[in-house]
Amino acid sequence: MSTQIVKTLDSVSAFLKRSHGLYIDGGWVASQAAGSLPVYDPASGERIATTADASAEDVDRAVRSAHRAFTSGVWSRRLPAERERILLRYADLLEQHGEELAQLETLEQGKSINIARAFEVGSTLNWMRYTAGLATKISGRTFDLSIPVPEGARYTAYTRKEPIGVVAGIVPWNFPLMIGMWKVMPALAAGCSIVIKPSEITPLTLMRMAELATDAGVPPGVFNLVTGSGQVCGQALTSHPLVSKISFTGSTATGKGIARSAADRLTRISLELGGKNPAIVLKDADPQQVVEGLLLGSFLNQGQVCAASSRIYIEAPIYDSLVAQFESAVKGMSVGQGMDPTTQINPVASKAQQLKIQGFLTNAREHNAELISGASGPDPQGYYIAPTLVLNPDEALHLTREEVFGPVLSLTRVADAEEALALANDSDYGLTASLWTTNLAAAMNLTPRIEAGTVWVNSHTLIDANMPFGGFKQSGTGRDFGVDWLDAFTETKSVCIRH
């Protein structure tokens with residue numbers, strides 16, 4: 001066993017041992033349902049905590065708490081500067097408890113403690129402070145009107161942005177803390193109330209953040225949290241008549257189901273869904289930049305990133321050289337538990353995800369695909385997948401067409417940029433893509449032709465709070481981040497005054 005393994009904080013151990021309930025109306029309450037859900041450590045497969053499996057009645061209680069808080073105006077009508085100050089205090093509390101939250105994230109999700117510290121804590125802090133500042137930047141517009149009646153009357157109109165109401169936030173298991181705050185923060189900055197549902201696989205960090213919200217000064221009922229299955233808890237939340245807005249991040253299949261349910265009530269939705277993200281590497285690209293950038297873009301968090309580069313199209317003159325460099329890198333990757341900061345590949349988040357990825361690889365082998373794999377995990381009970389390259393896979397393979405969400409990367413030789421572009425766009429998804437070249441003209445001419453919501457040039461996966469993010473095609477609808485982020489959590493009201 002490595003001597004580098006991080007010692008678990010006493011506060012983390014104590015939190016794991018708690019009897020966990022639901023966070024409603026500013027405090028923990030017991031679920032009305034008898035069932036519970038286990039939380040496992042992906043590195044060993046051992047149970048580390050147990051959470052409530054909320055019923056539809058529990059969800060109703062949480063939504064009604066949020067609705068009462070919203071209609072009372074205790075948060076929605078508070079001065080924007082007061083909301084901003086409380087949300088900045090909330091970010092400060094995340095920073096103060098950063099190591100505790102990073103360890104909880106690694107223990108429940110499996111990711112490297114380095115990634116938990118840098119992204120789940122460090123990057124989330126940036127997003128929280130950015131979004132808190134938007135609370136004081138909500139604005140409308142004024143208009144001169146030309147209404148001709150009655151004769152001699154004059155009209156002036158303006159728009160105002162008003163909080164939409166109760167927000168339902170559905171959070172995935174890959175970056176539960178960071179993506180959770182991507183839903184909580186804009187909702188609260190806009191003046192809404194929220195009921196957040198983390199994945200049943202990774203609920204712990206958001207449960208801790210619920211407590212910190214109250215400590216920061218968020219009023220009771222404004223931030224509620226329910227844990228439970230998607231089939232019961234999630235469905236009850238997304239179909240509740242008092243929910244005015246749904247913000248969902250997850251699979252395309254589940255997102256479509258939520259969209260169908262929301263359509264019956266015309267509930268506002270934002271959907272950030274799956275991706276099968278291509279990278280196009282032109283023959284003039286910097287090889288070192290390509291290998292370093294796409295190893296990060298492909299294997300960050302074991303490839304469990306919606307924006308991950310999972311299929312790379314490389315122009316023929318540099319294909320063999322790049323494949324050799326990728327092979328050397330993959331075979332040299334250290335594999336182990338996330339609490340060991342020296343490891344590069346860690347377990348995937350769940351047994352179900354491990355089996356799903358293994359199914360993709362078995363299908364590829366059955367169709368005679370060439371696979372190159374690195375080291376396997378140290379614990380046979382852990383949810384490990386060896387980092388794997390798939391060379392020139394058939395375009396009909398499951399792993400070529402579907403989101404694998406694991407440490408699996410395909411490398412395909414192409415004749416030229418036009419072939420690469422055609423293959424890159426031949427997908428039902430359109431979340432992200434990247435282009436690798438030192439030719440400015442090629443970059444400027446090709447990026448408009450790539451069908452994706454975000455296109456990087458000589459980079460991949462790295463995002464920023466000030467850059468809008470969302471998908472084309474079946475990768476979702478709506479945009480997160482940027483100065484207009486709160487628009488999705490507000491309604492626009494036009495006010496017309498005769499004078």
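Residues are numbered from 1 along each chain as its sequence is written, and side-chain values use heavy atoms, with hydrogens and water left out. In this predicted model, local features need pLDDT of at least 70 and side-chain atom pairs count only at pLDDT 80 or more, while totals for chains, interfaces and linings use all residues.

View 1. Strand S12 covers residues 277-281 and includes Ile 280; strands are DSSP runs of E with at least two residues, numbered from the N terminus. Ile 280 is buried because its relative accessibility is 3%, where buried means under 20% relative accessible area, exposed over 50% and partly exposed in between (1.4 Å probe, protein chains only). Leaving aside residues up to four places away in sequence, Ile 280 has contacts (heavy atoms within 4.5 Å) with residues including Tyr 313, Leu 421, Trp 436 and Ile 450. Look also for Arg 311, 31 residues away along the chain, whose C-alpha atom is 8.8 Å from that of Ile 280.

View 2. Strands pair if DSSP finds at least two bridges between them. S5 (residues 142-144) pairs antiparallel with S6 (residues 155-163) through three bridges, and here Asp 144 sits opposite Thr 156. S6 also runs antiparallel to S22 (residues 490-498), with nine bridges; Glu 162 has Glu 491 of S22 as its bridge partner.

**View 3. Cysteines.** The structure has zero disulfides, a disulfide being a pair of cysteine sulfur atoms within 2.5 Å. For Cys 233, the nearest cysteine sulfur belongs to Cys 192, 20 Å away. Cys 233 is buried at 0% relative accessible area, whereas Cys 496 is partly exposed at 46%.

Definitions and conventions
Helices (H or I, at least four residues) and strands (E, at least two) are DSSP runs, numbered from the N terminus.
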